[in-house]
Amino acid sequence: MEITGFFTALIIGLVIGALGRLVVPGKQNIPIWLTLLIGVVAAFVGTLVAGAFGVDDTPGIDWIELLLQVGFAAIGVAVFAGLYGRRRI
């Protein structure tokens, strides 16, 4: 991965984190920095899974890869909202 690809992945990860938070119903009591971190990790994991299935590089917009990334972000936000919410009193 080139350096421009890395920075592009970071920016896309930030957007993916926000989308993942929007997909999860209800209020999430987690800080925005954690949401963005989850998005970055979900973007990388989604790209790896899409690559494993061979749908990471298609002509046009990679909708399947994007859906995988948002799905992983939504799962991550839901899990961490549950864990973070229990920790707080």
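**Notebook: annotated spans, cores and Gln28**

I began with the record: UniProt, in an unreviewed entry, places the feature "transmembrane region" at residues 6-24, 31-54 and 66-85. I then turned to the coordinates, keeping in mind that this is a predicted model.

For residues 6-24 I found that the chain is 95% helix and 0% strand, with the end C-alpha atoms 27 Å apart. For residues 31-54 I noted 92% helix and 0% strand, and here the end C-alpha atoms lie 34 Å apart.

Next I looked up the nonpolar cores. The largest one has eight residues, namely Val24, Ile30, Leu34, Ile38, Ala74, Val77, Ala81 and Tyr84. Helix H2 (32-53) and helix H3 (63-87) are the elements that give two or more residues to this core, and H3 gives the most, with four. Apart from it lies another core, of five residues, and I listed Ile16, Ala43, Val70 and Ala73 among them.

I went back to one member of the largest core, Ala74. Leaving out residues up to four places away in sequence, I saw that Ala74 touches Gly20, Val23 and Val24, and Val24 belongs to that core as well.

My last entry concerns Gln28, which I located in the loop between helix H1 (3-23) and H2. Is Gln28 buried or exposed? Its relative accessible area is 8%, so I recorded Gln28 as buried, the cut-off for that being under 20%. Setting aside neighbours within four places in sequence, I found Gln28 in contact with Arg21, Val77 and Ala81; of these contacts, Val77 and Ala81 are also listed in the largest nonpolar core.

Methods
Residues are numbered from 1 along each chain as its sequence is written. This is a predicted model: local features need pLDDT of at least 70, side-chain atom pairs count only at pLDDT 80 or more; totals for chains, interfaces and linings use all residues. Side-chain values use heavy atoms; hydrogens and water are left out. A nonpolar core is a set of buried Ala, Val, Leu, Ile, Met, Phe, Trp, Tyr and Cys residues joined through side-chain atoms within 4.5 Å. Buried means under 20% relative accessible area, exposed over 50%, partly exposed in between (1.4 Å probe, protein chains only). Contact means heavy atoms within 4.5 Å. UniProt positions are given in the numbering used here, feature names are shortened, and annotations may be inferred rather than shown by experiment.
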